[in-house]
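Have the sequence and the model open as you read.

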Amino acid sequence: MVGRIVDKLLFGIMLIAALQVPLLADHYQQYLAGLSEATRWQVNGYENTARQYGYPDVNAMIEQHLANTEASVRADALQKQATLSQYEDLKSGMIVFEHGTLIEKSVYMFAPARFDWLEKTLVHFKPGIPLSLNGLMFGVMLGLAANILLTLPFTLLFRRRRRSTLAARRSVISW
């Protein structure tokens, strides 16, 4: 009896937690879009500077700056390289969030390399219930799967104990 109550309680907690994933994905997409727009603005500035000073592209300008003897110029070039790399990651992320499934979005969001973006999104996140059928179905399926995975070891353990107890009783009764 207590086991069934605990199981239902765990399922309720898992369901509520799983229902937050679609909402978190929406918040994350908004954060990603803002960060992508700001980074695109920076990259456009780099491209304009490269054109203005006769470089074929931004990467050629960065390579030239990396070869410079001035440490601050090299450090600036490394920052520009990091910004370009981040921009490429943001563009691929925006594609995932515009065309991907909730599973693909979740994999992108919960990747350890992007944990700081997730933390910044969670600062302004408010729990709720998703209003889309897709979000509700995803939450229910994820909640069920998590509940089954969490309770399966305990279920198997108690079944084994129950079978051994019943087998011991049968052997006593048969004498």
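R114 is buried, at 15% relative accessible area (buried is under 20%, exposed over 50%, partly exposed in between, with a 1.4 Å probe and protein chains only). R114 sits in the loop between α4 and α5 and D89 in helix α3, so the pair ties together parts 25 residues apart in sequence.

This is a predicted model: local features need pLDDT of at least 70, side-chain atom pairs count only at pLDDT 80 or more, and totals for chains, interfaces and linings use all residues. Residues are numbered from 1 along each chain as its sequence is written, and side-chain values use heavy atoms, leaving out hydrogens and water.

**Salt bridges within a helix**
- The rule gives four salt bridges, including K80 with D76 at 2.5 Å, N to O.
- K80 and D76 are four residues apart in helix α3 (residues 71-99); helices are DSSP runs of H or I, at least four residues, numbered from the N terminus.
- K80 is buried at 11% relative accessibility, while D76 is partly exposed at 29%.
- E88 and K91 also form a salt bridge, at 3.3 Å, N to O.

**A lysine without a partner**
- K105, in helix α4 (residues 102-109), is buried yet has no salt bridge.
- For K105, the nearest side chain of opposite charge is D26, 5.3 Å away (Lys and Arg count as positive, Asp and Glu as negative; His and chain ends are not counted).

**Annotated span**
- An unreviewed UniProt entry annotates residues 136-158 as "transmembrane region"; such annotations may be inferred rather than shown by experiment.
- Residues 136-158 are 100% helix, with end C-alpha atoms 32 Å apart.

How values were computed: Helix = DSSP H or I, 4+ residues; strand = E, 2+ residues; numbered from the N terminus.
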